Every structure is written in C-alpha cells, then in structure tokens.
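Please have a look at the model below before reading on.

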Amino acid sequence: MPQILPIVKYGVSKILEQPSMKVIEFGFKDKNNQLDTLAENMFATMYAAKGVGLAAPQIGIMLRVAVIDISSGEDPNMKLVLVNPEITERRGTMTVEEGCLSVPGKKETIERSAEVAVQYQDTKGQIYTVGGKGLLSQALQHEIDHLDGKLFLSYVSI
Ligand code: CO
C-alpha cells in the first residue's frame, strides 16, 4: 500500500531551497524497484493533498524525482513519473496563478514559459521526452524548479 507522507513546508525547513541529486542507480527487474515505491508514495501524498505535482524534496528526499498528474487522479494515462528531468526547450510566455503544497494558502500571479519540452528518465532509466503547454507546462516548470531548490515565490516581484 502506498504511503501518504508529510509534506515539507516552506519556512520550516531549508531543504526546499537546496538542489537535489541526480539519480544514478535504477531498479533492476529482479528486485523491488525503490524508485517505483517512491513514485507511488509521492502520488498518494499528492492526491491526498489535492495537488497536481510533487517533487521528492517536498517529502524530504533529495533526489531528482517528480510526479505530475494534471487530471488529479481522474485519468491514469496522465500520470507522469519524471526521473532526472531537464527542460530542453521553452517557447513563449504565459501569466499564471500558482501555488505550492509546501507553501499552503499562498497563491501568486507569475510568468512562466507557455510551452516546454522536457527530457527525463523513467524508474528503469529509459529516456523519454514530454512536451506540454498550459497547466502541464506550468507543472513541469514548477516541479523541475523544486529539484533545483527554487520556489515559485522567487518569481514574485516585490
Ligand atoms: Co511546489
């Protein structure tokens, strides 16, 4: 059974402002894939908190792993597990309202790239590319920022 884990909150811990480490060890067929277990726990935690994305550092694990489901559990085909994701292309800009499960109760209007392409690995180390616009583009940028120790608050102009 996937576990619902506590989400690290901004202001309580500094780890959200630190970069995460690249995953270099992947699971093998003949043993329990720990990255699969991590991803399942992250989805359970994200759904329980009613979010559309979650990065591993938000549950205190400093690895470059993020999950996204902009359908909020409605469509299993929308579940994305991103290991070592990198933005390879950006196009245009959009103004969005954004929040974060680690910064409860706060929403800000910020600017994001309208479209992004992301290269990532799955939990077996296989390389894929995903492209997104709108909410998916926003979620990809938001979660990859978490892996770099960057919060959406840093885009808010004072
Ligand atoms: Co966040």
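## The cobalt site

Along the chain, the donors of the cobalt ion are spaced as C-x41-H-x3-H. Donors here are N, O and S atoms within 2.8 Å of the metal (3.2 Å for Na, K and Ca), and water is not among the atoms, so sites may look incomplete. The protein donors are C100 (SG), H142 (NE2) and H146 (NE2), at 2.1 to 2.2 Å from the ion.

C100 sits in the loop between β3 (80–98) and β4 (108–121), while H142 belongs to helix α2 (residues 134–147), so this pair links distant parts of the chain, 42 residues apart. Helices (H or I, at least four residues) and strands (E, at least two) are DSSP runs, numbered from the N terminus. C100 is buried, at 10% relative accessible area, and H142 is buried too, at 8%. Buried means under 20% relative accessible area, exposed over 50%, and partly exposed in between (1.4 Å probe, protein chains only).

## About the model

This is a predicted model, in which local features need pLDDT of at least 70, side-chain atom pairs count only at pLDDT 80 or more, and totals for chains, interfaces and linings use all residues. Residues are numbered from 1 along each chain as its sequence is written, and side-chain values use heavy atoms, with hydrogens and water left out.

## Salt bridges

The whole structure holds 8 salt bridges, each a side-chain nitrogen of Lys or Arg within 4 Å of a carboxyl oxygen of Asp or Glu. One of them joins R64 and D148 (2.9 Å, N to O). R64 lies in the loop between β1 (53–55) and β2 (65–68) and D148 in the segment after α2, so the pair ties together parts 84 residues apart in sequence. R64 is buried at 9%, whereas D148 is partly exposed at 41%.
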